[in-house]
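Hello,

Please have a look at it first, then read on.

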Amino acid sequence: MFAPRTTPWPLVALFTAGYLAPYLLPTTVGRLDSDLPLSATQAGAVGSALLLSSAAAGFVLASRVERIGARTLARIGLALAFFGYGGAALTTAVPAVVAGAVLGGFGSGTATTVAATLIAGQRDPHRASTAGLLTVSALAGAVYLTVPRLGPGHGLPLAAIALTALVVWPLAGRLPAGAPAVATRHHKARLPHARSGLVLAAAMLCWSLAQNSLWGVSGRIGLDQAQLSEATVGAVFALGLGAGLTGVLAAGALGARLGRAVPIGAGTVLIAGCIALSASSTDLTSFATGEIAWNTLYPVVLSYLIGLAASLDPRGRWAVLVGSASSLGTAAGPLTGSVLSAQAGFPAMGAVLGAGLLVIALPMTAVALHTGGRPLLPGAIRRRGGHPAALVAAATGTPTGTVPEIGAPEQPVVEISVEAAAIPTQRAYDKAGPRQAGASPGSGAL
């Protein structure tokens, strides 16, 4: 009997707390613009500073989770998020808001770093990442429905992020004290799949920049270009995130049946079309269609990208580094979207972002194909330099290199030594044929 797979809910909660700030970026930037003495570009710059701080946390802490301890680091990150976002929500002084947003961003990035490291050590990283995306999409959708009904004020979305960190903080005590250990010296010696990891990190930076260039100005597209009310725009965002829940559930059910290359490549191409449609929308129908379709596809592709990064290194280093590169793109997104839309207009911005996504779909798909490997029979392939690939997969629980994730995760491989009878010496054998009665082996005559 196989042991049932259980969802690591404390890890999912930590993932949710870390990812909530980027999900609430449109309403956060929009309210900074409307409720504080900031221009649209300045508000986008504050959002970029928040996300840049989050990315910096990933780069600083990528190799320190094991040393500090996952549980301790998660608590530190959640505390920073609570005090940073909470302080920014309670003041109207622009410098204090910026300082609180940057401090809270570092806390969110710390939580995301720990979550990415622990997800890479799961037997099924894709399952854990889809559960996290499902939860953060549901929570963000609820915030988008609730915040417009609570009145104006820049502090409401920031307070929602701070309260989420406070709620998740006790659950951090149920996380493991340290990061997943890897038994082989091969993984401790160097970072595996260096070329694929670097290509994926660079592509993810551009991919996230395109996504969040649209996401950071989506509120303004709905309010200014499509002439919708804030409540209507919030409802569209909530519906989009609800559709994202469906997409994440579909991704979880689909698993690795199509591999990773098809969802990543084809999904990115479809996202490019959605961005172009949303950016050129002038009414509720086109705006809602573009945003809902985009929000449906975005978490699906993201879940496969997270799983792909986690599969490159079971210690989670590539998952953190690729995630931090993605955060850099996310950080530059609001400012990039604001500048492009101010200089060329929303439709031209959408066309540029869509064309860029079509270009970067190629290297991401290539990495997925290169690291996908072929079906493997236990012990059938030995990597150059040492450990059998099947045993590496069994030790880590995640597919690495030539070990793909096909259907269910790899099951542990147990070596059983069998004592065989001693092989007779070569001279004990003779030509085949009948022997005379009583003749000893090797002396028979034809």
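**Helix packing**

Helices α10 and α12 run roughly parallel to each other, because their packing angle falls under the 35 degrees that sets this class. Before going further, please keep in mind that this is a predicted model.

The angle between α10 (residues 194–225) and α12 (residues 261–279) is about 25°, and their axes lie 10 Å apart. The crossing here is left-handed. On the α10 side, the contact is made by Trp207, Ala210, Gln211, Leu214, Ile221 and Gln225, which meet Thr268, Ile271, Ile275, Ser278 and Ala279 of α12. Sorted by class, that contact holds seven nonpolar and four polar residues, with no charged ones.

Next comes the pair α1 and α13. The axes of α1 (residues 9–23) and α13 (residues 284–312) come within 15 Å, crossing at roughly 135°. That angle makes α1 oblique to α13. Their crossing is right-handed. Which residues of α1 and α13 meet? From α1 there are Phe15, Tyr19 and Tyr23, and from α13 there are Tyr298, Pro299, Leu302 and Ile306. The class count for this contact is seven nonpolar, no polar and no charged.

Helix α13 also packs against α14. The axes of these two helices, α13 and α14, come within 6 Å and again cross at roughly 135°, so α13 and α14 are oblique to each other. Ala309, Ala310 and Leu312 of α13 meet Trp318, Ala319 and Val322 of α14. This contact of α13 with α14 consists of six nonpolar residues, with no polar and no charged ones.

**A closer look at α14**

Where does α14 bend? The bend is at glycine 333 and amounts to about 35°, with proline 334 following within four residues. As for length, α14 covers residues 317–344, which is 28 residues. At 1.5 Å a residue, α14 should span 40 Å, and its end C-alpha atoms are 39 Å apart, so the two values agree. After α14 comes glycine 345, which has a positive phi, near 95°.

If you load the model, you could start with the contact of α10 and α12, where polar residues take part, and then turn to the contact of α1 with α13, which has no polar residues.

Best wishes

Technical notes
Residues numbered from 1 in each chain as written. Predicted model: local features only at pLDDT ≥ 70, side-chain atom pairs only at ≥ 80, totals over all residues. Heavy atoms only, no water. Axes fitted to C-alpha atoms, helices over the stretch in contact; angles between N-to-C directions. Parallel < 35°, antiparallel > 145°, perpendicular 65-115°, else oblique. Left-handed = near helix turned anticlockwise from the far one by under 90°. Contact = heavy atoms within 4.5 Å. Nonpolar A, V, L, I, M, F, W, Y, C, P; charged D, E, K, R; others polar. Expected span 1.5 Å × (residues − 1). Bend = angle between axes of the 7 residues up to and from the residue.
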